[in-house]
Amino acid sequence: MADIAALAGVSKSTVSRALADSPLVNNKTKALVRKIAKEKNYRFNSAARNFRTKQTLTIAVIIAAADDVEWSISDPFFLEITAAIAEALDQRGHQLLLTRTRPQQAEWIETFIRNRQADGVIVIGQGSIHTQLNELAEQFDVLSVWGAPVEGGQAYALAGSNNLQGGRLAGEHIAETGRKRIAFVGYQDHPEIASRFAGVQQGLAEHQLGISSELVFGSLMDRNTGEKSLEQLVNRRDEYDAVIAASDMQAFKVMSALQSVGVDIPRDVAVIGYDDIPAAAIYHPTLTTIRQDRSAGAELLVDNLLKVLDGKGPSCIELEPELIIRESA
């Protein structure tokens with residue numbers, strides 16, 4: 001706005017009034033200001049205005065779908081963290097707008113931002129759109145993302161659990177239970193899952209163990225390949241005595257499929273999940289898992305976003321995960 005004022009030879013307040021179509025500014029000045037604003041691609045920053053005037057901000061929470069993975073707003077993990085974000089925003093006097101992207105369509109998020117449907121955007125899950133999110137963050141200071149640090153860093157504010165440490169806890173624990181042949185279930189081309197898998201390998205290596213590439217299975221939540229991966233996992237049940245899954249929902253699928261063919265859990269195969277959703281404590285057998293503190297994560301996501309909107313640089317904060325030992329391992 002200061003640049004437009006200098007180019008038009010008027011004050012910032014005149015620019016503000018001209019863009020707001022105030023009757024206090026004559027039509028000739030309005031036309032000049034609008035012409036310069038259009039030429040310079042000026043965008044009105046409603047978030048900055050709201051911070052100055054202490055008005056309510058509308059914050060969009062976007063669940064970034066990935067590939068053909070069956071993630072939905074009703075997924076227990078997303079449901080819990082979204083509820084926690086809503087509470088955190090309410091406590092700070094702001095409003096939540098909930099939506100969902102189509103797979104791999106980061107450009108949809110850009111359109112959403114450009115249309116100013118919200119003052120800021122919280123994205124849950126990087127999926128495989130990290131590069132696009134980085135490009136968006138370099139254009140718009142309105143992003144806060146739940147995910148994992150990536151090589152080379154990220155331009156957006158980031159919050160998440162320490163997935164490398166979470167994977168290490170799972171690997172160490174499964175080795176300490178005496179299991180020797182470990183299978184892993186989950187995509188490895190997503191930052192969070194890749195970190196978990198690397199951590200699992202580190203934890204197993206401390207006990208001179210590892211995971212054969214033949215016992216690494218793709219996501220069981222994928223619409224196209226999930227059932228095939230599950231079928232392969234069941235058919236090769238004699239080749240492993242433990243399964244570490246990238247999420248609790250996938251761990252449940254593993255246990256159900258193995259139990260359907262007579263495999264006893266944990267006697268024959270131990271299973272560890274990731275997330276510690278509420279169902280983990282009541283499933284049969286109850287699920288050993290890695291807990292992510294979603295309430296604390298939601299607070300970080302909101303605070304990170306408000307700091308960015310207030311002109312501060314993006315931060316990267318990781319929460320420490322916790323091993324929750326139950327019957328399945």
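A residue counts as buried when its relative accessible area is under 20%. The views below come from a predicted model.

**Figure 1. The protein chain as a whole.** The protein chain has 329 residues, and buried residues make up 51% of them. Its secondary structure includes 12 helices and 12 strands. Now take the contacts in the chain with a separation of 6 or more. Residues 24 or more positions apart account for 70% of these contacts.

**Figure 2. Helix H2 packs against helix H3.** H2 covers residues 12–19, and H3 covers residues 27–39. Their axes lie 9 Å apart, at an angle of about 90 degrees. Angles of 65 to 115 degrees count as roughly perpendicular, and H2 and H3 are therefore roughly perpendicular to each other. H2 brings Thr14, Val15, Ala18 and Leu19 to the contact. H3 brings Thr29, Lys30, Val33, Arg34 and Ala37. Sorted by type, the residues of this contact are five nonpolar, two polar and two charged.

**Figure 3. Phe77 and Phe78 form an aromatic pair.** A search of the whole structure finds four aromatic pairs. In the pair of Phe77 and Phe78, the ring centres are 5.6 Å apart. The ring planes meet at 70 degrees, so this pair is edge-to-face. The cut-off for that label is over 60 degrees. Both Phe77 and Phe78 are buried. Together with Trp146, Phe77 and Phe78 form one aromatic cluster.

**Figure 4. Arg196 sits over the ring of Tyr274.** This view shows a charge and a ring. The charged end of Arg196 is placed over the Tyr274 ring. The distance to the ring centre is 3.8 Å.

**Figure 5. Leu136 is a buried residue in a helix.** Leu136 belongs to helix H7, which runs over residues 130–139. Its relative accessibility is 3%, so Leu136 counts as buried. Now look across to Ile109. Leu136 and Ile109 are 27 residues apart along the chain. Their C-alpha atoms are separated by 8.5 Å.

**Figure 6. Pro278 is an exposed residue in a loop.** The loop with Pro278 lies between strand S9 (270–272) and strand S10 (289–291). Pro278 has 53% relative accessibility, so Pro278 counts as exposed. The cut-off for exposed is over 50%. Along the chain, Pro278 and Glu80 are 198 residues apart. In the model, 9.4 Å separates the C-alpha atoms of Pro278 and Glu80.

Terms used
Residues numbered from 1 in each chain as written. Predicted model: local features only at pLDDT ≥ 70, side-chain atom pairs only at ≥ 80, totals over all residues. Heavy atoms only, no water. Phe/Tyr/Trp six-rings, centres within 6.5 Å; stacked < 30°, edge-to-face > 60°. Buried < 20%, exposed > 50% of the residue type's maximum accessible area, 1.4 Å probe, protein only. Lys NZ or Arg CZ within 6 Å of the ring centre and 35° of its normal. Axes fitted to C-alpha atoms, helices over the stretch in contact; angles between N-to-C directions. Helix = DSSP H or I, 4+ residues; strand = E, 2+ residues; numbered from the N terminus. Parallel < 35°, antiparallel > 145°, perpendicular 65-115°, else oblique. Contact = heavy atoms within 4.5 Å. Nonpolar A, V, L, I, M, F, W, Y, C, P; charged D, E, K, R; others polar.
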